[in-house]
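Please look over the sequence and the 3D structure below before reading on. The paragraphs after them go through the structure piece by piece.

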Amino acid sequence: MAGVFCRDVRKAFGSTQILHGVSIDIQDGEFVVLVGPSGCGKSTLLRMIAGLENITGGEIAIGDRVVNNVPPKERDVAMVFQNYALYPHMTVEANMAFSLMLRGAEKSEIDQRVQQAAGILGLKPLLERFPRQLSGGQRQRVAMGRAIVRDPQVFLFDEPLSNLDAKLRVAMRTEIKELHQRLRTTTIYVTHDQIEAMTMADKIVVMHDGRVEQIGTPLELYDRPDNIFVAGFIGSPAMNFVRGKTNGGSFAADSGIHLPLPTRGGGASGQPTVYGVRPEHFALADDGAEAEVRVVEPTGSEIMVAAKLGDADVIAVFRERHKFKPGDKIRLKPNPELAHLFDASTGKRLNA
């Protein structure tokens, strides 16, 4: 196993810049998720680590070896793709064994590794089947098994669960996380789904427009986002934002409502700011700001309420089973210990 170190990595297609100097240190044995919206450069970076894309500038090292000019087959990484990429004319066993056969490994070693990987992934009853006889989740496990038998230094996952239904995605998230806990192989996982990122990662790298916005543990990013982009991207439902300015001991929204300043402070009086509060950090209170209920969405364990707070559209989440109806007036009060202030011009969090 080995760590992966990206230092000022850049990528351009002609005159179009895709990555603008990305630097990330991934330690040996870590499970790191690259997350961000489509087009942010996360899959391009993964392909550069794999050697499937050339590097325009900077340096990528796997362990102590810089691999900028090392062919993919010599980087000792294994990649699991979104579309499984299984050979349809080969059995599960043959698909898993193929890369070792190309290396010229002994048959006894191939059989031992395939059986070991099949046991880890619950594939032993399926070894004689063909891909067309498997479900989506089983095909993805075969793709993972093909990576495991190579015993690489690094696993690379490129949105491997995108083609699965919602229930199966949840199950496969657990399987991949358990697999990492068992093997402790350095893993880099790309997704646009922030729930996948939050539930699976030791460390998350949030990317946007070819740049790294923030690196941290899931709860660090959730509780202390560096800027408005990270605050809005991490968390579902997303953080609510209200524009206004600090005004003495409170926050005055552009619409005229007042909210309590975050306990950690931040921002000079009169400074244009953006107030951020997560949906679950609203409470009903007599001294809260008046809001009008627009939509009520019961999910079973919670009730999500879309409301108009001044001129801002907000979401509030309650564990209690309130019987709100569209048009009802309610009073919402943010928890000042959990609220945030962001600079309106730069987007940076002020109450750091």
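A walk through the model

Ser108 lies in helix H3, which covers residues 107-121. Helices (H or I, at least four residues) and strands (E, at least two) are DSSP runs, numbered from the N terminus. The model is a predicted one, in which local features need pLDDT of at least 70 and side-chain atom pairs count only at pLDDT 80 or more, while totals for chains, interfaces and linings use all residues. Residues are numbered from 1 along each chain as its sequence is written, and side-chain values use heavy atoms, with hydrogens and water left out.

Is Ser108 buried or exposed? Ser108 has a relative accessible area of 56%, so it is exposed. The cut-offs are under 20% relative accessible area for buried and over 50% for exposed, with partly exposed in between (1.4 Å probe, protein chains only). His89 is 19 residues from Ser108 along the chain, and the C-alpha atoms of the two are separated by 23 Å.

Helix H1 gives another view of burial. This helix spans residues 42-50, and because 7 of its 9 residues are buried, it is largely enclosed by the rest of the structure. The buried residues in H1 are Lys42, Thr44, Leu45, Leu46, Met48, Ile49 and Ala50. Just after H1 comes Gly51, which takes a positive phi of about 90°.

Lys203 lies in strand S9 (residues 203-208). Its relative accessibility is 15%, so Lys203 counts as buried. The side chain of Lys203 makes a polar contact with the side chain of Glu30, at 3.2 Å. A polar contact is a pair of N or O atoms within 3.5 Å; within protein, one must be able to donate a hydrogen and the other to accept it, and residues adjacent in sequence count only if both atoms are side-chain atoms. Contact in general means heavy atoms within 4.5 Å. Leaving aside neighbours within four places in sequence, Lys203 is in contact with Asp25, Ile26, Glu30, Phe31, Val32, Val33, Ile215, Gly216 and Thr217.

The other lysine, Lys177, is found in helix H5 (residues 166-183). Lys177 counts as buried because its relative accessibility is 17%. Apart from neighbours within four places in sequence, Lys177 is in contact with Met200, Ala201 and Asp202. Leu261 is 84 residues from Lys177 in sequence, and the two are 39 Å apart in space, C-alpha to C-alpha.

Next come the nonpolar cores. A nonpolar core is a set of buried Ala, Val, Leu, Ile, Met, Phe, Trp, Tyr and Cys residues joined through side-chain atoms within 4.5 Å. The largest has 44 residues, of which Met96, Met144, Ile176 and Tyr189 touch the most other members. Met144 touches Val80, Leu121, Phe157, Met172, Ile176 and Leu179, not counting residues up to four places away in sequence. A second, separate core has 29 residues, including Cys6, Ile49, Ala50 and Ile60.

On a 1 Å grid over the protein atoms alone, a cavity is a set of points where a 1.4 Å probe fits but cannot get out, and a pocket is an open set with protein on both sides within 12 Å along at least five of seven lines; lining residues have an atom within 4 Å of a point. Grid points are joined across faces, edges and corners, and a volume is the space filled by probe spheres set on the points.

The largest pocket holds about 410 Å³ of space. Its lining has 18 residues, and Ala78, Met79, Phe81, Arg146 and Arg150 lie nearest its centre. Strand S6 (77-80), helix H2 (92-103) and helix H4 (136-148) are the elements that give two or more residues to this lining. The largest share, 4 residues, comes from H2. By class, the lining has 13 nonpolar, 2 polar and 3 charged residues. Here Ala, Val, Leu, Ile, Met, Phe, Trp, Tyr, Cys and Pro count as nonpolar, Asp, Glu, Lys and Arg as charged, and the others, Gly among them, as polar.

The second largest pocket has a volume of about 170 Å³. H3, the helix of Ser108, gives the largest share of its lining, 4 residues.

How many cavities of 30 Å³ or more does a search of the whole structure find? The search finds 1. The largest cavity holds about 40 Å³ of space, and its lining includes Phe31, Ile176 and Leu183. H5 gives the largest share of that lining, 4 residues.
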